[in-house]
Amino acid sequence: MYKMSPKPLIAAENIQTRLNGLAHEISTAFDFDIIVSILTGAYIFTADLSRALAKIQSEPQQKEIAFIKASSYGASTQSSGKVKISGLEKLELQGKRVLLVDDIADTGITLQRVVQEFLQRGAKEVRTCVLLNKQDRRTVSFAADFAGFDIPDSFVVGYGLDYAEQYRTLPDIWTLEEQ
Ligand code: 5GP
Ligand code: MG
């Protein structure tokens, strides 16, 4: 059984503040054509980030957005190490500069795999953006180009992130503790 930490690890206001900073970092460094977001965990982060970016971009109407699914977890807090990617059929990436957005880089396996896949499909450039980064958990050499917060090795939920499909709609990010 798990229970939520007594206080949020990252409060909603702090997420929004960091998000604006992140949007500035991205728009200064990378003129992308399309955002590709990994469902389901990144859905809230992507909605907020894409609007923060649109506020400061010169031609926001030209930016595309698309979603894929990648799963390796199931109803567990441990990565299986295998990544299933779906939703690639309609994705047109040839010659495009892609901003790949995910909720969290943990082992790094998911993003490493998806970047590889996009380059094979003809993307001109792929840069990655995660809200959360668990550096200590890396099992492959992967570094996100843009990261919101470095967090310790604990399982987190809220702001789109789930445990067995629960907790996603919470506005703050919480640590899940074993009890
Ligand atoms: P990786 O492939 O980097 O190990 O894992 C990436 C995926 O695992 C993330 O997109 C996320 O869905 C899931 N994940 C990793 N750590 C956590 C965590 O602390 N909480 C939740 N809810 N999901 C996580
Ligand atoms: Mg995910």
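**Helix packing and sheet arrangement in the predicted model**

Asp48 is found in helix H2, which comprises residues 43–56. In this structure, which is a predicted model, Asp48 is classed as buried because its relative accessible area is 16%, under the 20% limit used for that class. The side chain of Asp48 is joined to that of Arg51 by a polar contact of 2.8 Å. Beyond residues up to four places away in sequence, Asp48 touches Gln16, Leu19 and Tyr159. Of these residues, Leu19 is listed among the buried residues of helix H1, and the buried residues of H1 pack against H2 as well as against strands S5, S6 and S7.

The buried positions in H1 are Ala12, Ile15, Leu19, Leu22, Ala23 and Ile26. Viewed down the axis of H1, these buried residues fall within an arc of 110°, and they therefore line one face of the helix. On the other side of H1, by contrast, Glu13, Thr17 and Thr28 are exposed.

In general, the strands of a sheet pair through backbone hydrogen bonds, in either a parallel or an antiparallel manner. Strand S3, covering residues 64–71, runs antiparallel to S4 and is joined to that strand by 3 bridges. Within this pairing, Ala70 has Ile85 of S4 as its bridge partner.

Strand S1, formed by residues 2–4, contains Tyr2. With a relative accessibility of 23%, Tyr2 counts as partly exposed, a class that lies between the buried limit of 20% and the exposed limit of 50%. Although Tyr2 and Gln179 are 177 residues apart along the chain, their C-alpha atoms are separated by 5.6 Å.

How values were computed:
Residues numbered from 1 in each chain as written. Chains lettered and ligands numbered in written order. Predicted model: local features only at pLDDT ≥ 70, side-chain atom pairs only at ≥ 80, totals over all residues. Heavy atoms only, no water. Pairing = 2+ DSSP bridges. Helix = DSSP H or I, 4+ residues; strand = E, 2+ residues; numbered from the N terminus. Buried < 20%, exposed > 50% of the residue type's maximum accessible area, 1.4 Å probe, protein only. Polar contact = N/O pair within 3.5 Å; in protein donor to acceptor, adjacent residues only side chain to side chain. Contact = heavy atoms within 4.5 Å. Arc of directions from axis to C-beta.
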